[in-house]
Amino acid sequence: MVIILTDSLLSRFNKLNVPLYLHPGLPLKSVQQAYFTGFSAEVNSRLSMFAWGWHHEAGIHLLRLMLSGAFDKYPNLQVISGHWGEMLPFWLQRLDDSLPLAATGLSRTLTRTFQEHVYVTPSGMLTLP
């Protein structure tokens, strides 16, 4: 099930002071065609879902939520991001360098927003040595 994160929904999470769990979903068909085809049907499917696509989509969604100013508008809004943060923690410094406050108009850097509003969980990515 896909739920659109509307202002009223974000406002409710903010008011209740409970975290929102962002879970990956299937990329749009056009995205699947552009990035996740050209291999066997099995590889195409795996690549577009649990191997890469799901995580990229969830990370992009969280990044867009951060860039939208939602965390400035809703200061109690908290998000849980699975799979070690869906790639975002590894890109925060570059995002801050590439999208400075002067460009985004946000009140704080993306790194700071992530640190203050996002909880990271491994969500099944628990490979042990």
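Me: A salt bridge is a side-chain nitrogen of Lys or Arg within 4 Å of a carboxyl oxygen of Asp or Glu. What makes R108 and E116 count as one?

Reply: The closest N and O atoms of R108 and E116 are 3.0 Å apart. The cut-off is 4 Å, so the pair passes. Bear in mind that this is a predicted model, where local features need pLDDT of at least 70 and side-chain atom pairs count only at pLDDT 80 or more, while totals for chains, interfaces and linings use all residues. Residues are numbered from 1 along each chain as its sequence is written, and side-chain values use heavy atoms, with hydrogens and water left out.

Me: Is R108 buried or exposed, and how do you know?

Reply: Buried means under 20% relative accessible area, exposed over 50%, and partly exposed in between (1.4 Å probe, protein chains only). R108 has 14%, so R108 is buried. E116 comes out at 34%, so E116 is partly exposed.

Me: Which residues are joined with R108 into one network?

Reply: Salt bridges with shared partners tie together D72, R108, R112 and E116. For D72 and R108, the closest N and O atoms are 3.5 Å apart. That pair links distant parts of the chain, with D72 in helix α5 and R108 in the loop between α7 (101–104) and α8, 36 residues apart. Helices here are DSSP runs (H or I, at least four residues), and strands are E runs of at least two, numbered from the N terminus.

Me: Why is R46 called partly exposed?

Reply: R46 has 41% relative accessibility, so R46 falls in the partly exposed class.

Me: What kind of aromatic pair do F50 and W54 make, and why?

Reply: Rings of Phe, Tyr and Trp (its six-membered ring) pair if their centres lie within 6.5 Å; planes under 30 degrees apart count as stacked, over 60 as edge-to-face and the rest as tilted. By that rule the count is 2 aromatic pairs. For F50 and W54, the centres are 6.1 Å apart and the planes at 70 degrees, so this pair is edge-to-face. With 42% relative accessible area, F50 is partly exposed, and W54, at 24%, is partly exposed too.
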